[in-house]
Each structure stands twice: as C-alpha cells, then as structure tokens.
Amino acid sequence: MSQFKDIMTEKCPVCGEGHVFAKKGNPILFRMPKMEKNCKVCGHKFEIEPGFFYGAMYVSYAVTVAEMVAVFVIAQFFTSDIKIMLGLIAATAFLLSTFNFRLSRMLWMYMFDSRRKETAG
C-alpha cells in the first residue's frame with residue numbers, strides 16, 4: 001500500500017521521500033509537467049537512460065483508454081446523444097492529460113526502480 005501512496009504522491013521510487021515532479025502542469029494553460037533530473041533527497045537519477053520513458057507512452061495510452069471507457073459507461077446513464085458523449089470523453093481526456101502524463105511516468109519508474117528500493121532499504 002505504501003508503493004501506491006508513493007506513486008500517487010509522486011515520490012522517488014528509491015527513497016520514497018523526494019518529489020519526482022517540480023511542476024505539475026496545467027492542460028488549460030497548455031503547460032506540461034516538469035520532472036526533476038535527480039531526487040533532491042537521495043540523488044537517484046530518474047531517467048535511467050535516454051529514451052527510458054518511451055514505454056510510459058503505452059502506460060499512458062492504457063490509462064487514457066480506461067478513463068474514456070469509464071466516462072462512456074457513466075455518460076450512458078445520463079444521455080443517449082453520441083455527440084454529447086464524445087464531447088465528454090474528449091474533455092475528460094484533455095483535462096486529465098497532465099495527470100495521465102505524471103501517473104504513467106510514475107508507474108513506469110516504479111515498475112523498474114521498486115526493486116532498488118527493496119534492496120537499498
């Protein structure tokens with residue numbers, strides 16, 4: 001359960017204390033999240049190698065599809081107009097884009113760095 005908490009609070013996968021993101025981003029102002037290069041607590045380098053986060057795009061895709069399906073299912077209880085449903089789905093995908101960006105990178109890091117935390121602590 002502590003890994004889930006660390007992922008959701010965007011903590012370092014090695015020490016669990018430092019923050020991974022310096023800025024959260026804002027989709028309405030078209031600002032993307034800004035990652036720290038290294039953990040300010042333990043010095044862990046977040047991008048292990050060039051292109052490390054390319055795989056996080058697949059995680060982001062899966063999270064976005066799950067959100068879209070959920071919005072579609074919930075919207076069916078309120079409307080049967082497909083244009084309204086598509087609008088809700090598009091708005092949800094847009095508004096959650098920076099959250100999905102951060103979440104997918106955190107999940108990707110924890111898939112590869114959580115073993116280091118277990119052996120380091």
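**Notes on the model**

1. Let's start at Met35: setting aside residues up to four places away in sequence, Met35 touches Val20, Phe21, Ala22, Phe46, Phe53, Arg105 and Met109. Bear in mind as you read that this is a predicted model.

2. The chain has four helices and two strands, and from the N terminus on the elements run α-β-β-α-α-α. The C-alpha trace spans about 55 × 30 × 25 Å along its principal axes. Of the 121 residues, 37% are buried. If you take contacts between residues at least 6 apart in sequence, 63% of them join residues at least 24 apart.

3. On to the core. The largest nonpolar core has 18 residues, and those touching the most other members are Val20, Met35, Phe46, Phe53, Met106, Trp108 and Met109. Helix 2 (56–76) and helix 4 are the elements that give two or more residues to this core. Helix 4 gives the most, with five residues. As general background, nonpolar side chains in soluble globular proteins tend to be buried together.

4. Leaving aside neighbours within four places in sequence, Phe53 is in contact with Met35, Phe46, Glu47, Arg105, Trp108 and Met109.

5. What lines the largest pocket? The residues are Lys34, Met35, Glu36, Lys37, Asn38, Lys45, Phe46, Glu47, Phe53 and Arg105. By class, that lining has three nonpolar, one polar and six charged residues. The space in this pocket comes to about 150 Å³. Met35, Phe46 and Phe53 are in this lining, and they are also among the core residues that touch the most other members.

6. Arg102 is found in helix 4 (residues 97–120) and counts as buried, since its relative accessibility is 10%. Apart from residues up to four places away in sequence, Arg102 touches Glu10, Phe21, Lys24 and Pro33. With the same exclusion of residues up to four places away, Asn100 touches Ser60, Val63, Thr64 and Glu67.

7. I'd also check some backbone angles. Most residues other than glycine have a negative phi. Glu10, which is not a glycine, has a positive phi of about 60°. Its place is the loop between helix 1 (2–8) and strand 1 (21–23), and Glu10 is one of the residues touched by Arg102. Phe30, again not a glycine, has a positive phi of about 55°; its place is the loop between strand 1 and strand 2 (34–35). Are these two residues buried or exposed? Glu10 counts as buried because its relative accessibility is 6%, whereas Phe30 counts as exposed because its relative accessibility is 69%.

8. Last, the cysteines. How many disulfides are there? The count is zero. The cut-off is a pair of cysteine sulfur atoms within 2.5 Å. For Cys12, the closest cysteine sulfur is in Cys42, at 3.7 Å, so the two are too far apart for a bond. For Cys42, the closest cysteine sulfur is in Cys39, also at 3.7 Å, so that pair is too far apart for a bond as well. On accessibility, Cys12 counts as buried because its value is 0%, while Cys42 is partly exposed, with a relative accessible area of 38%.

Terms used
Residues numbered from 1 in each chain as written. Predicted model: local features only at pLDDT ≥ 70, side-chain atom pairs only at ≥ 80, totals over all residues. Heavy atoms only, no water. Buried < 20%, exposed > 50% of the residue type's maximum accessible area, 1.4 Å probe, protein only. 1 Å grid on protein atoms, 1.4 Å probe; cavity = no way out; pocket = protein on both sides within 12 Å on 5 of 7 lines; lining within 4 Å. Points joined across faces, edges and corners; volume = space filled by probe spheres on them. Nonpolar A, V, L, I, M, F, W, Y, C, P; charged D, E, K, R; others polar. Contact = heavy atoms within 4.5 Å. Core = buried A, V, L, I, M, F, W, Y, C linked by side-chain atoms within 4.5 Å.
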